[in-house]
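Here is a short report on one protein model and its ligand site. Please look over the sequence and the structure before reading on.

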Amino acid sequence: MTNGFPSGFTWGAATASYQVEGAVSADGRGPSIWDTFAHTPGRIADGTTGDVADEHYVRFADDVRLLADLGLNAYRFSIAWPRIVPTGSGTANQAGLDFYRRLAETCLENGVTPYATLYHWDLPQPLEDAGGWLVRDTAERFRDYAAVTHDALSDVVKHWMTLNEPWCSAFLGYGNGEHAPGRTEGADALKAVHHLLLGHGLALDAIRSEGGTYGIALNPAPIHAASDSPADRDAARRIDGLRNRLFLEPLLSGQYPADVLEDTGMSEWFAAQEADLPLIGAPLDFIGVNYYCPTTVAAPDGPISSLVASTQPGSENVVAVDTGLPQTQMGWPIQATGLRDLLVTINKLAPELPLYVTENGSAYPDEVTADGTVEDDERLDYLQQHVAVCRDLAAEGFPLKGYFAWSLLDNFEWSWGYSRRFGIVYVDYATQARIVKKSGRWLQNFLTSARSGAE
Ligand code: FCB
């Protein structure tokens, strides 16, 4: 034990390709749905794109050294599908594979274990033009891309995640249109859920091999009812269904929650997909949990559903309630005990399954002081509270294997552009200078003193 954590505990930071890499036309990369979306006027709050982002594509070696310097021993990055298979189908682009090989090798040279996510939302645009995640073919193309990538990199990357947060891909991408591709399909967004999970299952089946570990990163959340009234409790059941059970149950028990399919009017369509469930429910080596905040919901006075463009098909009129907790700049309530509740809930569904916190972090409007430092006390407080929850769980012998801060770097925060900073390292976008924030300095001190204490 070091600082209360088991000595093999994984300490990492995470990023995602489109949010940090830039270099969107380099070395044969094809366009993704995020290029198209970000270049569509009105889609991104500050009118920016990921064209340049953190220039991680050329600065990755310095960034990995910085990560190692912080005392972290793992880097969770994502692989851009359009760098590997530029049009989404057909032959692989060797230059794309070479880039991720260099990135993984640089990690290894610095004592950092690579954790790769195969899909953090950058779907090749031609696949979206052919129907995107609403069609089955996309899942099959994802399998092909996963197989070619794993074949090329499995000697240097041992830890793989298929998808990042399929809830966001489906309900923000095809439900309320806040994310690329910006479609608003009502309950049909549930077809995206199924094809994403099918893509996960097909990819897992194609890549799983000895010597590696294979999982998925989800964004489940604790859902509370605003009151004990039957209507509020029913609202909480519905949202818990859409956010959590719709993903956890097929992955861990090989079945979809019947109540969610009924609420959304999708039972018949899902019945026709039943043959896919064994693939989706195949054993995992771990689940990654991305945790930011809990949600408290209430039922409206009128009907619960109106089947409009929505993140919550079948429960469109359910409202999120402010319970008075302090909030980050995103307006997300801060409650570290929610992380504990969530991990315990998942552990009950799959008692032996290793869990990782694959993302956790907070946005605040950081500023550089006259001394050139960034004193992000609120983010530090958030980080310490959530690390303490992990420490308590790990000390109790809970199968929590690691913690990844979101994010290593300030970056392109999707529809918020660069107006939301989540990094433990500040990025000056004008000069691309990196400044380790107070939260990053604290983590560095915490991890390096833990190590020297262990010697
Ligand atoms: C998660 C995403 C990640 C980042 C954080 C703030 O939903 O996986 O890319 O945007 O939120």
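**The barrel**

This is a predicted model. Its closed barrel has 8 strands in the order 1-2-3-4-5-7-10-11, and the pairing is parallel. On average, neighbouring strands of this sheet are turned by 25° against each other, direction ignored.

Start with strand 1, residues 10–14, and strand 2, residues 74–78. These two pair in the parallel sense over 3 bridges. Ala-13 stands opposite Tyr-75 of strand 2.

Next comes strand 4, residues 159–164. Strand 4 is mostly covered, with 6 of its 6 residues buried. Strand 3, residues 113–119, runs parallel to strand 4 and is joined to it by 4 bridges. Within this pairing, Leu-163 of strand 4 stands opposite Tyr-119. Strand 5, residues 213–218, also runs parallel to strand 4, and 4 bridges join the two. Here Met-161 has Gly-215 in strand 5 as its bridge partner. In general, strands of a sheet pair through backbone hydrogen bonds, either parallel or antiparallel.

Helix 9, residues 189–207, lies across strand 3, strand 4 and strand 5. The direction of helix 9 is at about 160° to strand 4. Helix 14, residues 337–349, lies across strand 7 (286–290), strand 10 (355–359) and strand 11 (400–406). Helix 14 runs at about 135° to strand 10.

Strand 6 and strand 8, residues 295–298, pair in the parallel sense over 3 bridges. His-224 has Thr-296 in strand 8 as its bridge partner.

**A buried loop residue**

Is Asn-219 buried or exposed? Asn-219 is in the loop between strand 5 and strand 6. Its relative accessibility is 8%, so Asn-219 counts as buried; the cut-off for buried is under 20%. Leaving out residues up to four places away in sequence, Asn-219 touches Glu-165, Trp-167, Cys-168, Arg-243 and Asn-290.

**The ligand site**

Which residues surround the ligand? They are Gln-19, His-120, Trp-121, Asn-164, Glu-165, Tyr-292, Glu-359, Trp-406, Glu-413, Trp-414 and Phe-422.

| Residue | Ligand atom | Distance |
|---|---|---|
| His-120 | oxygen | 2.8 Å |
| Glu-165 | oxygen | 2.5 Å |
| Glu-413 | oxygen | 2.7 Å |

Key: Residues are numbered from 1 along each chain as its sequence is written. This is a predicted model: local features need pLDDT of at least 70, side-chain atom pairs count only at pLDDT 80 or more; totals for chains, interfaces and linings use all residues. Side-chain values use heavy atoms; hydrogens and water are left out. Two strands pair if DSSP finds at least two bridges between them. Buried means under 20% relative accessible area, exposed over 50%, partly exposed in between (1.4 Å probe, protein chains only). Contact means heavy atoms within 4.5 Å. A residue is near a molecule or strand if one of its heavy atoms lies within 4 Å of it. A polar contact is a pair of N or O atoms within 3.5 Å; within protein, one must be able to donate a hydrogen and the other to accept it, and residues adjacent in sequence count only if both atoms are side-chain atoms. Axes are lines fitted to C-alpha atoms, for helices over the stretch in contact, and angles run from 0 to 180 degrees between N-to-C directions.
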